[in-house]
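Thanks for coming. I will take one structure today and go through how some of its parts pack. Please have a look at it first.

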Amino acid sequence: MMLSNAVWTTGYGFELASGSIEQAMLIVNLEYFGITALPLLWFLFCLHFSGREHWYQNWRNRLLILAIPFLTLILVWTNPYHHWHYVSYKMDTSGPFPIVFSTPGIWYYLFTIYFYLLLASGCYLLFIKFKTSDPVFRKQNYSLIIAALIPWLANMLYLMGLRPFGHLDITPFAFSLTSLLILFGIYRFKLFEIVPLAREKVLDLVQDGFIVLDSDHRIVDYNEASRNYIHFKEKTKIIGSYIDEHFSHQPDFIQMIKAHSGGKMEIEVKQNNTVFYLEAEIILLNDNKIHPDFTIIKLLDLTNYKKEVIRSREQATELERLNQLKDRIFSIIAHDLRGPMVNLSEILKMIASKQISDEEFKALAPSLSKDITYTTDLLENILHWSRSQLKGYGINKEIFNLRNLILNEIHYHQPAADLKNIKIIHDVFPGEMAYADMLMMQIVIRNIINNAIKFCREGCEIQITAFYQKENNLLVCIEDNGVGMPEETLDKLFKEENISTRGTSDEKGTGLGLLVCKDFMKRNDGDIHVTSSVGKGTKVCITIPVAPVS
């Protein structure tokens with residue numbers, strides 16, 4: 001701005017020293033580099049000083065304010081061909097020194113309007129800055145306001161015909177005085193050292209949100225960070241809107257503001273599908289004897305802290321669950337596993353010492369067989385359950401033939417079913433393929449068939465069916481017409497409670513089988529569902545994916 005003023009002032013000095021109209025007009029053409037740039041640079045300076053640099057970052061606004069200076073330069077340089085800027089001009093020698101006297105054209109008046117509009121807009125920005133600034137900054141604003149008024153006064157006097165120096169235009173020299181006053185402001189009031197510390201610069205760097213309300217609970221000021229936490233529509237004005245428009249889902253918070261009650265409270269807001277946990281502090285300025293009509297809301301983002309708390313809680317819950325599981329497994333091992341093994345050991349000792357006869361041993365054999373079967377099932381379930389709870393336990397998903405797997409499990413359980421005269425009937429078509437960990441699915445189906453046999457009476461039937469569903473799943477159902485179970489037992493099946501019920505032939509249960517099934521189905525993107533009715537039987541259905549889940 002100061003450089004463009006120097007071009008204008010220096011050029012005007014050479015113009016006054018010219019001896020011919022041709023020489024003078026050549027210098028006038030050079031002067032217009034400074035004349036066209038000066039109002040534009042003054043406006044940009046005022047935008048920058050008032051913290052509104054974003055205005056000229058828009059390409060449309062830049063084009064708007066740059067078009068007229070460039071067009072003016074072209075019209076001045078080509079004026080002899082169209083006379084839009086100067087209708088005519090001549091050398092006036094009536095005064096103490098020759099001066100160019102010109103008759104303005106239509107573009108001269110249009111450029112003058114543009115000149116005054118930019119000067120007026122810059123002064124308005126300074127005035128707004130002056131009104132909103134703190135007392136400590138007002139001296140520097142006084143210097144700028146006074147500096148801005150001097151060229152206005154000089155140019156108005158010239159246009160009104162009040163010319164103490166004849167046709168001499170003192171406007172460029174008035175701008176020189178303006179530049180001196182700004183220079184004085186820079187060094188005396190440290191103008192450009194204070195500007196970066198202005199309110200909007202500091203608060204926009206603060207991560208916490210700040211909102212200022214008037215006595216009617218309207219927003220009169222806010223910082224950039226607060227836009228992350230308030231609901232507003234694009235291209236709508238936040239200034240002047242009511243606070244309850246932006247926090248409509250926080251009635252307690254709004255009530256606290258309207259009750260003019262200071263303090264802190266935690267609120268939860270959702271913005272752009274992101275949940276923020278905030279500590280909202282309501283600061284009443286009359287408590288600090290500043291201004292009774294205004295309220296400040298400070299929004300402290302606690303999202304990361306809350307997430308850490310939730311994560312810690314989940315870890316503590318998981319740790320407690322694992323500890324309970326450990327205690328439960330040790331309890332089963334200490335009680336249910338130790339008993340059959342001790343019995344078997346004592347009988348073997350008695351046989352070795354010939355304390356029981358062969359006939360007595362044959363009588364005890366069925367009971368020992370049940371104990372061994374129970375112990376085998378228990379050890380297998382404990383092994384798989386414990387391994388599945390270990391972090392990093394791998395899952396080997398593959399495509400396998402479901403019918404072959406079911407047939408193998410039927411063959412495995414056939415001896416136990418024959419002892420109770422139970423028929424196992426399957427309706428599984430060849431070629432039905434599933435995608436899961438085959439070993440896990442084998443353990444799941446084995447546990448379900450084992451439970452069906454255990455709770456079936458003599459002569460019962462077990463039906464096994466499998467068919468495709470629309471959701472790219474296979475539905476496998478194992479249904480028996482055994483004793484069934486009451487609703488209260490059904491509700492506890494998958495809640496990690498130790499439910500162990502003896503079968504129809506006094507077979508013991510481990511209480512872990514269905515928990516293993518539930519966990520394995522979840523790990524394979526499947527599900528398990530049980531329906532039962534006392535005296536009518538039980539139906540267990542599992543869903544197994546037929547392809548990788550996307």
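Before the rings, a definition: two rings of Phe, Tyr or Trp, taking the six-membered ring for Trp, count as a pair if their centres lie within 6.5 Å. Keep in mind that this is a predicted model. By that criterion, the structure holds twelve aromatic pairs. I will show one of them, Phe 33 with Trp 77. The ring centres of Phe 33 and Trp 77 are 5.4 Å apart and the planes stand at 55 degrees, so this pair is tilted.

In general, a packed pair of helices is described by the angle between the axes and the distance between them. For H2 and H3, the angle is about 170 degrees and the axes are 10 Å apart. H2 and H3 are therefore roughly antiparallel to each other. On the H2 side the contact includes Tyr 32, Phe 33 and Leu 40, and on the H3 side Pro 69, Leu 73 and Trp 77 are among the residues involved. Sorted by class, this contact has ten nonpolar residues, three polar ones and no charged ones.

H2, residues 21-49, also packs against helix H1, residues 2-16; here the axes come within 7 Å and cross at roughly 155 degrees. So H1 and H2 are roughly antiparallel as well. The crossing of H1 past H2 is left-handed. Among the contact residues are Val 7, Trp 8 and Glu 15 of H1, and Glu 31, Phe 33 and Leu 41 of H2. The class count for this contact is 13 nonpolar, four polar and two charged residues.

Now to the sheet. Which strands form it, and in what order? Five strands make an open sheet, ordered E4-E3-E7-E6-E5, with antiparallel pairing. Strand E4, 219-222, and strand E5, 263-271, are at the edges with a single partner strand each, so one side of each has no neighbour in the sheet. On average, neighbouring strands are turned by 25 degrees against each other, ignoring direction.

Finally, helix H10, residues 251-258, lies across E3, E5, E6 and E7, and runs at about 135 degrees to E5.

How values were computed:
Residues numbered from 1 in each chain as written. Predicted model: local features only at pLDDT ≥ 70, side-chain atom pairs only at ≥ 80, totals over all residues. Heavy atoms only, no water. Pairing = 2+ DSSP bridges. Helix = DSSP H or I, 4+ residues; strand = E, 2+ residues; numbered from the N terminus. Axes fitted to C-alpha atoms, helices over the stretch in contact; angles between N-to-C directions. Contact = heavy atoms within 4.5 Å. Parallel < 35°, antiparallel > 145°, perpendicular 65-115°, else oblique. Left-handed = near helix turned anticlockwise from the far one by under 90°. Nonpolar A, V, L, I, M, F, W, Y, C, P; charged D, E, K, R; others polar. Phe/Tyr/Trp six-rings, centres within 6.5 Å; stacked < 30°, edge-to-face > 60°.
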